[in-house]
Protein chains: 2
Amino acid sequence: MEEQESLDQFLDRAGRDFLAHISLDCVVFGFHAGQLKILLLKMKHEDLLALPGGFVMKDETMEQAAIRVLRERTGVENVFLQQYHVFSDVLRSDPARRPLIVERLGIPPEKAQFLAQRFISVGFYALVEFSRVVPRPDLLSETCDWYSLEDCGPLILDHGRILETALTELRTQLNYQPVGYNLLPRKFTLPELQKLYEAILGRSLDRRNFQRKIFSYGIVRALDEKRTGVAHKAPNLYSWDLRKYQQALKAGLGGGW
Amino acid sequence: MEEQESLDQFLDRAGRDFLAHISLDCVVFGFHAGQLKILLLKMKHEDLLALPGGFVMKDETMEQAAIRVLRERTGVENVFLQQYHVFSDVLRSDPARRPLIVERLGIPPEKAQFLAQRFISVGFYALVEFSRVVPRPDLLSETCDWYSLEDCGPLILDHGRILETALTELRTQLNYQPVGYNLLPRKFTLPELQKLYEAILGRSLDRRNFQRKIFSYGIVRALDEKRTGVAHKAPNLYSWDLRKYQQALKAGLGGGW
């Protein structure tokens, strides 16, 4: 298990086990209490937060590497994961930044070679059900936790751009990928579903139009159950009709929301 | 100019100038005589065709590298170019294949190191106006030319998959990117526009529905000109209303065709 490995051991094997110049960053989206959340690391000796990421082993595909990184940070497997953009700015940030991070981590120059090189990073976004995740920091970080978009502040290096691009991609993919299916628990209320769409799109939607559209596709079905333990009138629970959902996505849900 | 460089000179500097392990492949789409065309290379000593591709210089972004490769193969700059997927299968083909290609090219093993390594390839697709392109082979190929999808046969390594994925992406992007604007000449007839959509989608469309949809978006405008030199009744010429086209694409052209 990589978790038991020391940073020293990791640096010793990094150049041997991983491909040079190629990294990946994961934007892990979750949905909780009506808010879109992302999983971020608080790196040691750094004030800014960072996206979870990693490197590609010599016998791994990009996807296998991303699945491994996600499993290590979240404890979860079988996650919706999609590569969406390659970030390859030559500096990918202030040129002094990466060596500075390495230095602050107390890594001696002769061990810093692997981490200090130029990386071209493949961006992945993941959609996970919030409650399944047990966040775990990596070797370079103190904490790993969920943040709302408003609370995370500027991110390290070019991670802010990587996050922004993922969000744009998620908005585009809302009509083509089973976003709701992956972010919501199996049973949900219509207001919860609408809140999810609103959180992703960053604007409020008309309740009637939203429900008309959702019902017109036949992609959710009412369960014979109500949400219990809520103050107001207990709202009905719904579940996805996955077959119809997939069919509808194939053609694209179409139009704007 | 790289064109005047010998393969020998290229191999001498490749490991010094390019990043290890990262390549790019370009699916260059053109439209001619009612057919979707792609630009392919006939490699020396190989029967199968290959996509144009290249490597990333140490001071280049992926996009700059792709623009350079495209300029070298087509003579064209300012081209619509979009990265769409990273291909990272560990073998990316029969494991014996890449060394065999290197061997057939007559490259001695001590010079083959750069070409024989594992490459993770970033797929780009380009949309170019057919008539602007002057195809030019690279150092490893004899010819560079346009092929229709039906005529190209199986491609080398995993290039068939890279092409298929680009085609799928192009179909999805038809409602979100100015595909028609980039593939057609500035002035076109409605049958030409419909043929382009049909070529991309791989199926025929109803003429009336197609025209109704195109007109409903207001993205083309009739010119006071007709196509001359055609046998039948001279059809009217149209041009894009780029502002409306961009607006319509922003929301997505929506629905199916």
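Tutor: This is a predicted model. Start with the largest nonpolar core, which has 50 residues. Those with the most contacts inside it are Leu24(A), Val28(A), Met62(A), Phe124(A), Leu24(B), Val28(B) and Met62(B).

Leave out residues up to four places away in sequence.

Asn182(B) contacts Val128(B), along with Phe80(B), Leu127(B) and Glu129(B), its neighbours within four places in sequence left aside. Asn182(B) sits in helix α6 of chain B, residues 179–183. Its relative accessible area is 17%. The cut-off for buried is under 20%, so Asn182(B) counts as buried.

Next, the relation between the chains. Chain B superposes on chain A by a rotation of 180 degrees, with 0.0 Å of shift along the axis and an RMSD of 0.0 Å. That is the relation of a two-fold axis. Of the interface residues of chain B, 100% are also interface residues in chain A, so the copies meet through the same surface.

Now the helices of chain B. Helix α5 covers residues 159–173, which makes 15 residues. At 1.5 Å a residue it should span 21 Å, and its end C-alpha atoms are 21 Å apart, in agreement. Its buried residues are His159(B), Ile162(B), Leu163(B), Ala166(B), Leu167(B), Leu170(B) and Gln173(B). Seen down the axis of α5(B), they fall within an arc of 135 degrees, so they line one face of the helix.

Helix α7 of chain B runs over residues 190–201, 12 residues. In α7(B), the buried residues include Leu190(B), Leu193(B), Gln194(B) and Leu196(B). Tyr197(B), Glu198(B), Ile200(B) and Leu201(B) are buried there too. Gly202(B) follows α7(B), with a positive phi near 70 degrees.

Look at α7 in chain A as well, again residues 190–201, where Ala199(A) is found. Ala199(A) and Leu36(A) are 163 residues apart in sequence, yet 5.7 Å apart in space, C-alpha to C-alpha. Residues up to four places away aside, Ala199(A) touches Phe31(A), Gly34(A) and Leu36(A).

One more helix of chain B: α8, residues 207–217, holds Phe210(B). At 3% relative accessibility, Phe210(B) counts as buried. Phe210(B) and Ala251(B) are 41 residues apart in sequence and 19 Å apart in space, C-alpha to C-alpha.

Last, the cysteines. The structure holds 0 disulfides over all chains. Cys152(A) is in no disulfide, and the nearest cysteine sulfur, that of Cys144(A), is 13 Å away. Cys152(A) is buried, at 9% relative accessible area. In chain B, the closest cysteine sulfur to that of Cys144(B) belongs to Cys26(B). The gap is 11 Å, too far for a bond. Cys144(B) is also buried, with a relative accessible area of 8%.

Notes:
Residues numbered from 1 in each chain as written. Chains lettered and ligands numbered in written order. Predicted model: local features only at pLDDT ≥ 70, side-chain atom pairs only at ≥ 80, totals over all residues. Heavy atoms only, no water. Core = buried A, V, L, I, M, F, W, Y, C linked by side-chain atoms within 4.5 Å. Buried < 20%, exposed > 50% of the residue type's maximum accessible area, 1.4 Å probe, protein only. Disulfide = S-S within 2.5 Å. Helix = DSSP H or I, 4+ residues; strand = E, 2+ residues; numbered from the N terminus. Expected span 1.5 Å × (residues − 1). Least-squares fit on C-alpha atoms with pLDDT ≥ 70 in both. Contact = heavy atoms within 4.5 Å. Arc of directions from axis to C-beta.
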